[in-house]
Amino acid sequence: MPSNVRRGRVPRAPQGIDDLNDELYTVKGFFGPWAHLYRRHNLAHPKSVSADYMLYQGADTNSLSPSDATDPAGSPLTLLTGAGIEVSISHRQEPMPFAERNQDYHQIRFYHRGEFTLETEFGLLDTDPGDFVVIPKGIIFREFPKTTDNRVLIFEVAEPVVSAMDELWDTVGFTNHFIDESRMELPAPQEPDTATVEVETTVRVKYDGAYETMVYDFDPCRDVVGWVGDPVVCKLNVWDIPGLGSSHGFLPPPTGAVFMAKDKSFFFNVLSVKPYPTEPPPNGSFGPPAHQNDYEEVWFNHASEFAPDTDAHLWLMPTSCPHPGLKRPPEYPQNPVRKIRELKLNFDCTSILKWTDEARQVLLPDPQTAIYTSFYGAHIGLDPEQAAQHVKH
């Protein structure tokens with residue numbers, strides 16, 4: 001099949017900007033055939049929908065109260081579910097009175113707010129805001145909060161978590177090797193006193209969708225004296241992931257891919273502010289086009305200096321509706337160059353995701369406006385008032 005063909009009026013390069021709306025269509029997420037459409041209107045703004053879940057929706061997770069916020073034996077609160085996928089949030093303030101093992105899912109635990117000591121069978125890791133930790137299925141761990149205002153976003157996946165840097169290197173080469181994996185931290189076993197090992201320990205096990213317990217006459221997290229092998233438990237900080245751009249425009253989320261499934265059924269991406277393009281309009285632009293593909297997308301606001309009230313907003317972009325996008329003419333940032341504190345997590349998956357009843361209670365009103373004031377605007381350096389002016393119905 002020929003690639004990069006054109007039909008009809010193509011007024012400019014896909015990265016540019018004019019009075020038309022851009023819509024990027026891709027297959028297999030961002031890794032299959034693609035087409036760039038130039039539209040008079042934005043297909044992402046329907047006049048009405050028969051069901052709310054057909055449209056993109058955001059939730060203010062600050063308003064939620066997982067049971068682990070007040071009960072040390074409580075659990076995280078599930079926000080989104082799909083085949084082989086769960087997204088939950090924890091507000092734990094006190095140490096777990098048990099160790100925990102997830103036998104259903106592998107985990108990527110993102111420490112959005114607060115400080116913890118994370119104890120695992122492989123050793124200890126101290127976590128700060130912005131850290132994410134991979135804990136494979138079946139690994140026992142325990143969290144000790146060092147602060148009280150804590151937020152942990154948890155991605156649970158049935159497929160094993162692998163390094164996107166390594167996986168994409170094998171298929172496309174240097175494209176994704178801008179992440180310095182040497183900054184990754186690994187747990188190391190301690191040599192604790194025997195008295196701290198020889199204690200009866202309850203392990204809460206998530207198995208087949210339910211919590212059960214196993215009791216040992218020793219502490220499994222303190223029993224290991226050493227290990228050798230692959231870095232199956234690891235920690236990296238989001239601010240160590242560079243934001244990539246081009247001279248002409250926006251690059252899609254997989255440029256920030258950190259972890260993924262080998263079968264590409266999910267991607268875990270870290271998106272900081274992109275470098276400003278140096279090509280003026282109509283050939284250059286700043287910000288993403290509208291786009292439509294066959295991946296559900298979850299977005300989480302970790303930091304936004306332009307809209308701090310959007311902290312911890314979680315967005316679901318279903319495959320049923322295009323993402324609206326928000327392109328604007330490029331401009332040079334003010335000197336001296338400084339780091340903009342703007343960062344989002346992006347999780348793409350092939351599973352259809354649904355909000356839980358608890359999460360639906362804190363959905364943001366008027367999603368066709370909130371998509372700009374909560375999500376897109378800050379993403380390209382606009383405060384909510386500026387972003388609201390870009391709403392196109």
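This report covers the strands, loops, backbone geometry and surface patches of a predicted model.

## Basis

In this predicted model, local features need pLDDT of at least 70, side-chain atom pairs count only at pLDDT 80 or more, and totals for chains, interfaces and linings use all residues. Residues are numbered from 1 along each chain as its sequence is written, and side-chain values use heavy atoms, with hydrogens and water left out.

## The seven-stranded sheet

An open sheet holds 7 strands in the order β3-β21-β20-β22-β18-β17-β13, with antiparallel pairing. β3 (57-60) and β13 (162-163) are the edge strands; each has a single partner, so one side of each lacks a neighbour in the sheet. Strands here (E, at least two residues) and helices (H or I, at least four) are DSSP runs, numbered from the N terminus. Two strands pair if DSSP finds at least two bridges between them.

Within this sheet, β18 (residues 266-272) and β22 (residues 342-349) are antiparallel and share 7 bridges. F266 has C349 of β22 as its bridge partner.

β1 (residues 21-26) is largely enclosed by the rest of the structure, because 5 of its 6 residues are buried. Buried means under 20% relative accessible area, exposed over 50%, and partly exposed in between (1.4 Å probe, protein chains only).

β1 pairs with β2 in the antiparallel sense over 6 bridges. Strands of a sheet pair through backbone hydrogen bonds, either parallel or antiparallel.

Most residues other than glycine have a negative phi, and most peptide bonds are trans. D208 has a positive phi of about 55°. D208 sits in the loop between β14 and β15 (210-216) and is exposed, with 68% relative accessibility. A312 also has a positive phi, near 70°. The loop between β20 and β21 (313-317) holds A312, which is buried at a relative accessible area of 1%.

The peptide bond from P281 to P282 is cis, with omega near 10°. P282 belongs to the loop between β18 and β19. N293 is found in the loop between β19 (290-292) and β20 (296-304). N293 is buried, with a relative accessible area of 7%. From N293 to R142 the separation is 151 residues in sequence and 38 Å in space, C-alpha to C-alpha.

## Surface patches

E198, E200, D217 and D223 form a negative surface patch. Patches take residues with over 30% relative accessible area and no salt bridge; like charges are joined within 9 Å, and nonpolar side chains (Val, Leu, Ile, Met, Phe, Trp, Tyr) within 5 Å. A salt bridge is a side-chain nitrogen of Lys or Arg within 4 Å of a carboxyl oxygen of Asp or Glu. Asp and Glu count as negative, Lys and Arg as positive; His and the chain ends are not counted. A charge is placed at NZ of Lys, CZ of Arg, CG of Asp or CD of Glu. E200 lies in the loop between α2 (194-197) and β14 (201-207). E200 is exposed, at 68% relative accessibility.

V49, Y53 and M54 make up a nonpolar surface patch, together about 250 Å² of accessible area. Accessible areas come from the Shrake-Rupley method with a 1.4 Å probe; for residues, only the protein chains shown count as cover. Y53 occupies the loop between β2 (34-39) and β3. Y53 is partly exposed, with a relative accessible area of 44%.
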